[in-house]
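Subject: Structure handover

Hello,

Here is the structure you are taking over. My notes on what was found follow below it.

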Amino acid sequence: MPTVKVGDVSIYYEVHGEGEPLLLIMGYGHNSGHWFSQIPGLSHEYGVIAFDNRGTGRSDKPDIPYTVQMLAEDMSGLLEALGIDAAHIYGVSMGGMIAQEFALRYPDKMIGLILGCTTCGGRNSIMPDAEAMGLLFDTERMKRLTPEEGARETLPFLCNQEFIDNNPDIAERYIAKTVEYVTPLRGFMRQAEAITAHDTYNRLPQIKAPTLVIAGTADRLVPVENSRILASRIPNAELVILENMGHFFFMEALEEANKAILDFLGHHHRFH
């Protein structure tokens, strides 16, 4: 089980395929196993690295204040430990916040940047509705539900109900990945405080990496308008909007999402 020591934590990671490195950063409370849909398609052409953020999965879960900057430092340390000097970075949701911070702090370690279903945070971001906010941050609800119940309640906020009904195998795989390595309450709470303090709006024009912003119009957790804001602030960013897709567009619109991502990456190889 590969883990590396990065600063004060052990970080769990997996490598799939070969080629230019592509680091995947998962979102709030989720682990590397939740990339199960996308990894097969992306690892045909790239050396895909999936890892567990601190607080989740098989990485350490210290009960100390987390910041997005700290999570970006963890990533930097992981790449160093793996001997990788620069990578493509693809983050979704909270992972996209970490990816923004990484691009701003470590421009020399970037090849291409992909921001999925994410936000700049702060007062310039568009918040979800009250029901979605409750799902994300209501700790009493988290205490009350078993991990499986929590996963089943979360899924309709991630994907359209029609997709869930038509793809029970994918829905059950998502739930299995969630309960296999349960994120403890402290992991959710510490990551939540990092998310809440995230704000890159004023710094986004400093991002130098080629950037793709991608999201679905039916996203209940991070409204799609946030992606339009990101794309308008990051120089020369490309924007892909997937009609009627939810927060986990990469599960729901797998082929379309992979095509957009691989097309983008193909135009931004490190060495042409």
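The largest pocket is lined by 44 residues, and those nearest its centre are Y28, L135, L136, F137 and F188. A pocket here is an open set of points on a 1 Å grid over the protein atoms alone, where a 1.4 Å probe fits, with protein on both sides within 12 Å along at least five of seven lines; lining residues have an atom within 4 Å of a point. The volume of this pocket is about 870 Å³, meaning the space filled by probe spheres set on the points, with grid points joined across faces, edges and corners.

This is a predicted model, in which local features need pLDDT of at least 70 and side-chain atom pairs count only at pLDDT 80 or more, while totals for chains, interfaces and linings use all residues. Residues are numbered from 1 along each chain as its sequence is written, and side-chain values use heavy atoms, leaving out hydrogens and water.

Which helix gives the most to the lining of the largest pocket? It is α6, with five residues. At least two lining residues each come from α3, α4 (130-137), α5 (139-144), α6 (147-158), α8 (168-180) and α9 (185-197). Helices (H or I, at least four residues) and strands (E, at least two) are DSSP runs, numbered from the N terminus.

Now the sheet. Eight strands form an open sheet with mixed pairing, in the order β1-β2-β4-β3-β5-β6-β7-β8; two strands pair if DSSP finds at least two bridges between them. Because β1 (3-6) and β8 (238-242) stand at the edges with a single partner strand each, one side of each has no neighbour in the sheet. On average, neighbouring strands are turned by 25° against each other, direction ignored.

Strands β3 (residues 21-25) and β5 (residues 87-92) pair in the parallel sense over four bridges, and L22 stands opposite H88 in β5. The pairing of β5 with β6 is also parallel, over five bridges, and M110 in β6 is the bridge partner of A87. Between β5 and β6 the chain passes through helix α3 (residues 94-105) in a right-handed β-α-β crossover: with the strands pointing away from the viewer, the path from the first strand over the helix to the second runs clockwise.

Seven of the seven residues of β6 are buried, so this strand is largely enclosed by the rest of the structure. Buried means under 20% relative accessible area, with a 1.4 Å probe and protein chains only. β6 and β7 pair in the parallel sense over four bridges, and I114 stands opposite L212 in β7.

Regards

Methods:
Axes fitted to C-alpha atoms, helices over the stretch in contact; angles between N-to-C directions. Buried < 20%, exposed > 50% of the residue type's maximum accessible area, 1.4 Å probe, protein only.
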